[in-house]
Amino acid sequence: MGKIFAFLTKTRGIGRLHWTDWASYAYLLFGIVITFGPVLWLVLSSFKSEAELQRFPPTLLPYAQEMISIDGYDKPLPLFEITNGEFAGKQAGQVRRIGLVSQLVRPEAPKDLIKVPLADRKPVERIDFAFENYGDLFKRFDFLRYLWNSVFITTMATLIMLLVNSMAAFALSKYHFRGRSTVLAMIVGTLMVPQTVVLVPLFLITRELGMLNSLWGVIIPGAATPTGVFLLRQYMLTIPDEILDAARMDKASEWKIFWRIVLPLSAPAIAVLAILAIMWRWNDFLWPLIVLSQNDKFTLQLALNSFQGQLTTQWSNLLAMTVLVLVPIAIVFAFLQKYIATGIASTGGK
């Protein structure tokens, strides 16, 4: 931590900040605001009530209006501060609003109604976090079921993708056979094919295999990706062939060479692909929407869509669930992001 602080406070000027230091700090501050500002706004908005979300102009922190109990009234009244007129600076509870006039009553004079224009009073507010937005998710939806579906799909799809892609990359990088370059060109060429083009034939194949409304119908079609094959192949090219030849001379099988030598040496690239695969499958929405139609098979992404109705949208619950959906992938990325730069940089290889 001391080294990080020393690096962040390092300056070019001696005894004072140089103009380049001001420019650097301003640029870094701008980057922080652009990167984390929307995330901070999302998290704080998830603790706002529906009425507060509709407020204009919007506020960064969640607020709620103070209520006051006054003798002679069964329910607490919204508390306002009078800003103009005879009772300026006084606080009163609003009994009713008629047109552009608000009828208020002071605690010290509960029988005297005061008529104040709407522009001459402002609400008395306090910071209030609506934690019930998160509690409603577990009451109204089977959140744990959706979470399990997303975790199962992400985990199994990532493991299968790593196995299939690594085996294909091993064959394309370490075996010399006729048509290898053609196969590689075809795999790389599929990167230029939009996903929407193959959705219909992919759906027909999935239906014929009887995997509609099945979690495996979401997992299997993404078992191999051209990006993963190309990424791992480029890294495996950096592994010296002499190591594999020495293992063959020691009577090691091809599977043993792949499992004991190639995979451990390819760990940085595999870690990168694992992170990318987790983010891809966790955030996937279109393909699960096509394959899954039963509510108990929905993922968290599909459950998010249920908050948006044809006429109204439950923004408070939608934002709360969005935060919960982002938390797992943010944790994975925070702890494993160091492998992304090092792994991708090392795939430039040979």
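Predicted model: local features only at pLDDT ≥ 70, side-chain atom pairs only at ≥ 80, totals over all residues.
User: What makes the contact between Glu52 and Arg55 a salt bridge?

Analyst: The N to O distance between the side chains of Glu52 and Arg55 is 3.1 Å. The rule asks for a side-chain nitrogen of Lys or Arg within 4 Å of a carboxyl oxygen of Asp or Glu, so the pair qualifies.

User: Why is Glu52 called buried, and what is Arg55 called?

Analyst: Glu52 has a relative accessible area of 10%, and buried means under 20%, so the label applies. Arg55 stands at 28%; this value falls between the limits of 20% and 50%, and Arg55 therefore counts as partly exposed.

User: How do you know that Glu125 also pairs with Arg55?

Analyst: The closest N and O atoms of Glu125 and Arg55 are 2.9 Å apart, which is within the 4 Å cut-off. Because Glu125 lies in strand β8 and Arg55 in the loop between α3 (50-53) and β1 (63-65), the pair ties together parts that are 70 residues apart in sequence. Glu125 is partly exposed, at 32% relative accessibility.

User: What makes Arg207 and Glu208 a salt bridge, and why is Glu208 called exposed?

Analyst: Their side chains meet at 3.8 Å, N to O, and the limit is 4 Å, so the contact is counted. Glu208 has 62% relative accessibility; exposed means over 50%, and the label therefore holds. Arg207, at 43%, is partly exposed. Elsewhere, salt bridges that share partners join Glu52, Arg55 and Glu125 into one network. By the rule the count comes to 9 salt bridges.

User: Why is Phe129 called partly exposed, and where does Phe129 lie?

Analyst: Phe129 has a relative accessible area of 33%, which is between 20% and 50%, so it is partly exposed. Phe129 is placed in the loop between β8 (125-127) and α4 (132-140). Phe129 belongs to a nonpolar surface patch with Leu40, Trp41, Leu60, Leu61, Ile127 and Phe131, and together these residues have about 640 Å² of accessible area. A patch residue needs over 30% relative accessible area, and the 33% of Phe129 therefore passes that cut-off.

User: What makes up the lining of the second largest pocket, by class?

Analyst: The lining has 9 nonpolar, 1 polar and no charged residues.

Methods:
Residues numbered from 1 in each chain as written. Heavy atoms only, no water. Nonpolar A, V, L, I, M, F, W, Y, C, P; charged D, E, K, R; others polar. Patch = residues over 30% accessible without salt bridge, like charges linked within 9 Å, V, L, I, M, F, W, Y side chains within 5 Å. Areas by Shrake-Rupley, 256 points an atom, 1.4 Å probe, with all protein chains shown as cover. Helix = DSSP H or I, 4+ residues; strand = E, 2+ residues; numbered from the N terminus. Buried < 20%, exposed > 50% of the residue type's maximum accessible area, 1.4 Å probe, protein only.
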